[in-house]
Amino acid sequence: MKKVIKEEIYLDAKVSDIFQLLENYEYYEKFIPGCKSSSKKVITESVSQGTLNFEFLNKDYKFISLNNSTKNRIEMKQLEGPFKSFLSHWQIESIDASKTKVEFYAKIETGMVMGLILNDFMINNLKNLMIQTLKKQLNI
């Protein structure tokens, strides 16, 4: 099953503050629902490997991604995990001195079981929780 997740929000925060939070994979467990632990291994200045450990429906999942960061974009590709494929990015764009547009995009291919777990209702709930927690982490 193929799924596309898109979300665009505007935050009253600086690009650098948002980018720093999203670049810090160690904090993903604080704003991604179901994430029990997270870590980051730096490969080069712009490339890292992120590891996220999840628990859904009493089952543990490990997600390892290769991440490429540029000035205002973070691209992620699953190396190991519960999906057949997972490609995503965060795009961060300054609107003015204190307002920033944040875009999240993910293209996911799942098997049947994971596709049932990640239904539209679950995806919308996860997006809303991520946005709320991201705002909380940014103190907005």
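The model is predicted.

I then checked the partner of Lys99. Asp12 forms a salt bridge with Lys99, with the closest N and O atoms 2.9 Å apart. This pair joins distant parts of the chain, 87 residues apart: Asp12 lies in the loop between strand 1 and helix 1, and Lys99 in the loop between strand 6 and strand 7. Asp12 is also partly exposed, at 49% relative accessibility.

I counted salt bridges in the structure and noted 8. One of them pairs Lys101 with Glu8, the closest N and O atoms being 4.0 Å apart. Lys101 sits in strand 7 (residues 100-109) and Glu8 in strand 1, 93 residues apart. Lys101 counts as buried because its relative accessibility is 18%, under the 20% cut-off. Glu8, at 40%, is partly exposed.

I also looked at Arg73, which forms a salt bridge with Glu75 at 2.8 Å between the closest N and O atoms. Elsewhere, shared partners join Glu8, Glu93 and Lys101 into one salt-bridge network.

I turned to the largest nonpolar core, which has 36 residues; Leu22 and Trp90 are among those touching the most other members. Helix 4 (residues 120-137) gives the largest share of this core, 5 residues. I listed the contacts of Leu22 beyond four places in sequence, and they include Trp90 and Leu134.

I noted Leu134 again among the buried residues of helix 4, along with Ile123 and Lys127. The buried residues of this helix pack against strand 1, helix 1, helix 2 and strand 6. Just after helix 4, I found Asn139 with a positive phi of about 60°.

Methods:
Residues are numbered from 1 along each chain as its sequence is written. This is a predicted model: local features need pLDDT of at least 70, side-chain atom pairs count only at pLDDT 80 or more; totals for chains, interfaces and linings use all residues. Side-chain values use heavy atoms; hydrogens and water are left out. A nonpolar core is a set of buried Ala, Val, Leu, Ile, Met, Phe, Trp, Tyr and Cys residues joined through side-chain atoms within 4.5 Å. Buried means under 20% relative accessible area, exposed over 50%, partly exposed in between (1.4 Å probe, protein chains only). Helices (H or I, at least four residues) and strands (E, at least two) are DSSP runs, numbered from the N terminus. Contact means heavy atoms within 4.5 Å. A salt bridge is a side-chain nitrogen of Lys or Arg within 4 Å of a carboxyl oxygen of Asp or Glu.
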